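Me: I would like to go through this model term by term. Please set each value against its cut-off.

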Amino acid sequence: MELFNKKTNISKNAELAKKRSILALFDTPNRVDEFSVNAADLYLDYSKQNITTSELESLITWAKSNGLSQKINAMFSGEQINNTEQRAVLHTVLRAPQHVKEAVLGKEAKQVQQTEQRMAQIVDDVQQGKLLSSTGKKFTDVLAIGIGGSYYGIKVGLSALHPYHNTGLKVHVLANVDGAAVTEKLENLTADTTLVVLISKTFTTQETLLNAKAIKQWMLAELQDDGAIAKQWFAISSNVEKAQAFGLDASHVLPMWDWVGGRFSLWSAVGLPLALAIGNEHFNELKEGAYQMDQHFQETDFSQNMPVLMALIGMWNRNGLSYQSLAVLPYDHALRALPGYLQQTDMESNGKSVSKQGEKLNWRTAPIVFGQEGTNGQHAFMQLMHQSDEIIPTDFIVALKGTSSLDEHHKVLVANCFAQSEALMQGKTLVQAEKELANNGLSQDEITRLAAHKTMKGNTPSNTLLMQSLTPKCLGAILALYEHKIFVQGALWKINSYDQWGVELGKHLSEQVLALMADSTVEHQMSPSSVKLIKAFVQK
């Protein structure tokens, strides 16, 4: 990637930036105003990043020269940017108005509209008691069965929008293939009041089908009615035949399109479990927030474009400053599932080492994404962030208004959020630590003994993403913001962000392991280590 070739001015600037103080950059007048931007009810302050105006302008110029505008247009217009699978990437069209759908999808827009209407009707019918269980009872619970992209989006939406659950339905999600997870879910469910939503594009995903078979067996045993599956189950899948063979009614199968990747599928019928919890109005608000961010992304100059700025600064940190990680710290209990969601969307999308043309890259791509809700992280991994030699860029996310009536709690929460970004940037020098200890009345011997232990390196860059309150609309904007940031980085890293062949290898080898468990004489490609582990399991 020519941008960070050691001979370029940008690369030389990055080497100098590693040695300078972020805090010193605030000597520039109006830095906070110049390094902040508003979009779709979100406010991004990126002034604590280790970057100057001229350096950022160089990155923007480089992005333009690498055809970023054309690549954005290619995605939104439906070109096959997923070249290895020969697919378009059009999850964005699912949250756009009908005229946009028709312009992009043509005749297929009608099926999309019909699916949206069918989904909304299901939500209304379940909520109003028009759609009942096989015993004629109103549903009280929904169990969504999926994994990966068919799980994480629903999970983050359910927790983030908990205050907006207004349908009276309790929605549960099941992804883990561990039987203990199945047992735990069943402890809280009653068969004749549980609606099941099975999510599998191909209806072949091993973990999802294994869990589905267990839930089906439980439900049939409890109800003693072979027709219960047809009445109480819905599927989101492109394989209607397999869904019917499983026992579902064809009218209970909602389609998935090959131009919607799993980790970006919340906007499709995959979002049905979330809509069943928050209702159609709030689900539409979620999509509206995402669409507003889509418009901002498409129409706004890169110098004020929130996803583009986050992407370029992320590449500056990853490739220019050589920081390998990204911490996502939502100071909001409702957003506790967001770091896990972004782990998947970012690392599964951009965790690649070859270009779209299959050539080996000589630059790093996706950062290692991790995080936890604040303030819990402060009492865990943030010790390393403050006092190890690792510099970990951080995204802080917080709402100015909390969802509870405990105002003092929210005040302390927000104070901690703002303080942590400041502490990561400022740090504490040995001289400052010595002065602090002296002011506390410690002897010189005690100061000498303790001062080094109280130093913190500082100079850790961070973004702070603010919203007035966490509404469905704001959540939609946040999810779209990160989707587009990931797209921009993948496009400029010259990789395909929309395939995941690494996941497929694990699935293939899992089949070999299962075959060996059944018959130790079958041909295989497993190492002696794995063979011995398999033997231990079989002989347990």
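Me: Where is the place of A477?

Reply: A477 sits in helix 19, residues 472-493. Helices here are DSSP runs of H or I with at least four residues, strands are E runs of at least two, and both are numbered from the N terminus. This is a predicted model: local features need pLDDT of at least 70, side-chain atom pairs count only at pLDDT 80 or more, and totals for chains, interfaces and linings use all residues. Residues are numbered from 1 along each chain as its sequence is written, and side-chain values use heavy atoms, with hydrogens and water left out.

Me: Why is A477 called buried?

Reply: Its relative accessible area is 0%. Buried means under 20%, exposed over 50%, and partly exposed in between (1.4 Å probe, protein chains only). So A477 counts as buried.

Me: What does A477 touch, leaving out residues up to four places away in sequence?

Reply: A40, L42, G289, A290 and M293. Contact means heavy atoms within 4.5 Å.

Me: What makes strand 1 and strand 2 a pair?

Reply: Two strands pair if DSSP finds at least two bridges between them. Strand 1 and strand 2 (residues 42-45) have 4 bridges, in the antiparallel sense. A39 has L42 of strand 2 as its bridge partner. The hairpin has 2 residues between the strands, and A40 takes a positive phi near 50° there.

Me: In what order do the strands of the open sheet run?

Reply: The order is 1-2-11-10-8-9, 6 strands with mixed pairing. Strand 1 (36-39) and strand 9 (368-371) stand at the edges. Each has a single partner strand, so one side of each is left without a neighbour in the sheet. From one strand to the next, the twist averages 20°.

Me: How many bridges join strand 10 and strand 11?

Reply: There are 6, in the parallel sense, between residues 394-399 and residues 462-467. F396 stands opposite T464 of strand 11. Helix 16 (residues 407-426) lies across strand 10 and strand 11, at about 160° to strand 10. Axes are lines fitted to C-alpha atoms, for helices over the stretch in contact, and angles run from 0 to 180 degrees between N-to-C directions.

Me: Why are helix 7 and helix 12 called roughly parallel?

Reply: Angles under 35 degrees count as roughly parallel, over 145 as roughly antiparallel, 65 to 115 as roughly perpendicular and the rest as oblique. The axes of helix 7 (residues 152-160) and helix 12 (residues 272-299) cross at roughly 15° and come within 9 Å. Helix 7 and helix 12 are therefore roughly parallel to each other. I154, G157 and L158 of helix 7 make the contact with P273, L274 and A277 of helix 12.

Me: Is F203 buried or exposed?

Reply: Its relative accessibility is 4%, so F203 counts as buried. F203 lies in the loop between strand 5 (194-199) and helix 9 (206-223). Its phi is near 60°, a positive value in a residue other than glycine.

Me: Why is Q224 called exposed?

Reply: Q224 has 66% relative accessibility, so it counts as exposed. Its place is in the loop between helix 9 and helix 10 (228-232). Phi of Q224 is near 55°, also positive in a residue other than glycine. Most residues other than glycine have a negative phi.
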